[in-house]
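Colleague: I am new to this structure and would like to go through it slowly, one point at a time. Could you put the sequence and the model up first?

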Amino acid sequence: MILEIFLIIIIGLFVSYFIFLRIIRKLILSPAPAFIGRILDSDLRRKMQSPEKVIQRSGIQKGMQVLEVGCGSGAITTFVARAVGNKGNVYALDIQPEMLQQLENKLSQPENKDIINIKLIESSAYDLPFDDNSLDLVFMVTVFGEIPDHNKALQEIKRVLKPGGILAITEMFLDPDYLLKSTVTKKGGKAGLILDEISGSFWDYTIRFKNNAS
Ligand SMILES: C[S@@+](CC[C@H](N)C(=O)[O-])C[C@H]1O[C@@H](n2cnc3c(N)ncnc32)[C@H](O)[C@@H]1O
């Protein structure tokens, strides 16, 4: 009996914590605070959300010109840089200079000295400093729910994607800004993107869209 009560209390606290976090994030539509960069770029996070899986599900391949919108502290970015190889490039874009600074520090570490194909860009998802039809793939990991005007961001992404280019959106349930698959699918369709593939689980999924703009 005592164990059951204890379990109910723990579950109750856990659920309240997430409800509280989600309400706070809905009320304060600011980007995720930069201090969480360390948590995002931790081994524990990578165990829960493997960069290799994100790369495979997103369709990232050698030689691609890839833009990561909301790269944060770069938890996934260095893996993508190695996946696209020397002939590819990764443009790591974030609205917060503090996040980009964390990625820059990470890139200056000896174990990342071999990475020369990441370019850091401070900008917003609404204002991508790229020519029309210039990128093979754009991806976002635990970012989309944080952007207040989804359609504005999607139209801007569509503009910079080549015809047939890919937009991959990955969401994880533990993120207080998590969106359901159905919500992301609807928003992509509304923006004129073509649904390509949905992979992963309820907790951690990737939705891939294709840009059919010519
Ligand atoms: C929860 S973090 C995720 C970081 C990284 N993608 C990861 O998975 O570790 C969300 C990031 O998106 C960025 N962000 C939020 N809104 C943005 C916007 N409108 N344009 C560009 N970046 C944005 C935040 O600054 C933050 O670094």
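Colleague: In β5, which residue is the bridge partner of Val141?

Modeller: This is a predicted model, in which local features need pLDDT of at least 70 and side-chain atom pairs count only at pLDDT 80 or more, while totals for chains, interfaces and linings use all residues. Residues are numbered from 1 along each chain as its sequence is written, and side-chain values use heavy atoms, with hydrogens and water left out. Strands (E, at least two residues) and helices (H or I, at least four) are DSSP runs numbered from the N terminus, and two strands pair if DSSP finds at least two bridges between them. β4 and β5 pair in the parallel sense over six bridges, and among the residues of β5 the bridge partner of Val141 is Thr170.

Colleague: How many residues of β5 are buried?

Modeller: Buried means under 20% relative accessible area, exposed means over 50%, and partly exposed lies in between (1.4 Å probe, protein chains only). By that scale β5 is mostly covered, since among its twelve residues the number that are buried is nine.

Colleague: What is the average twist from one strand to the next?

Modeller: Seven strands form an open sheet of mixed pairing, in the order β3-β2-β1-β4-β5-β7-β6. β3 (residues 118-122) and β6 stand at the edges with a single partner strand each, so one side of each is left without a neighbour in the sheet. From one strand to the next, the twist averages 20 degrees.

Colleague: How many residues lie between β6 and β7 in their hairpin?

Modeller: Strands of a sheet pair through backbone hydrogen bonds, either parallel or antiparallel. Here β6 and β7 pair in the antiparallel sense over six bridges, and one of the pairings sets Ile194 against Lys210 in β7. In the hairpin that β6 and β7 form, the number of residues between them is three.

Colleague: At about what angle to β7 does helix α8 run?

Modeller: Axes are lines fitted to C-alpha atoms, for helices over the stretch in contact (heavy atoms within 4.5 Å), and angles run from 0 to 180 degrees between N-to-C directions. Helix α5 lies across β1, β2, β3 and β4 and runs at about 160 degrees to β2. Helix α8 (residues 181-190) lies across β5, β6 and β7, and its angle to β7 is about 15 degrees.

Colleague: Is Thr78 buried or exposed?

Modeller: Thr78 is found in helix α5. Leaving aside residues up to four places away in sequence, Thr78 touches Lys106, Leu107, Asn112, Ile115 and Ile118. Its relative accessible area is 4%, so Thr78 is buried.

Colleague: Which residue follows α4 with a positive phi?

Modeller: Helix α4 (residues 51-58) has Pro51, Val54, Ile55, Arg57 and Ser58 as its buried residues. What covers these buried residues includes α3, α5, β4, β5, β6 and β7. After α4 comes a residue whose phi is positive, near 85 degrees, namely Gly59.

Colleague: How many residues apart are Asp204 and Arg57?

Modeller: The side chains of Asp204 and Arg57 meet in a salt bridge (3.0 Å, N to O), a term that means a side-chain nitrogen of Lys or Arg within 4 Å of a carboxyl oxygen of Asp or Glu. The pair links distant parts of the chain, with Asp204 in strand β7, Arg57 in helix α4, and a separation of 147 residues.

Colleague: Which residues do salt bridges that share partners join into one network?

Modeller: The structure holds ten salt bridges. In one of them Asp196 and Arg208 have their closest N and O atoms 3.0 Å apart; Asp196 lies in strand β6 and Arg208 in strand β7, so the pair ties together parts twelve residues apart in sequence. Elsewhere, salt bridges that share partners form one network, and its members are Asp41, Asp43, Arg46 and Lys106.

Colleague: What is the relative accessible area of Leu3?

Modeller: Leu3 is found in helix α1 (residues 2-27). It is one of the residues of a nonpolar surface patch, which also includes Phe6 and Leu27 and has about 900 Å² of accessible area together. Leu3 counts as exposed because its relative accessible area is 60%.

Methods
Patches are made of residues with over 30% relative accessible area and no salt bridge: like charges are joined within 9 Å, nonpolar side chains (Val, Leu, Ile, Met, Phe, Trp, Tyr) within 5 Å. Accessible areas come from the Shrake-Rupley method with a 1.4 Å probe; for residues, only the protein chains shown count as cover.
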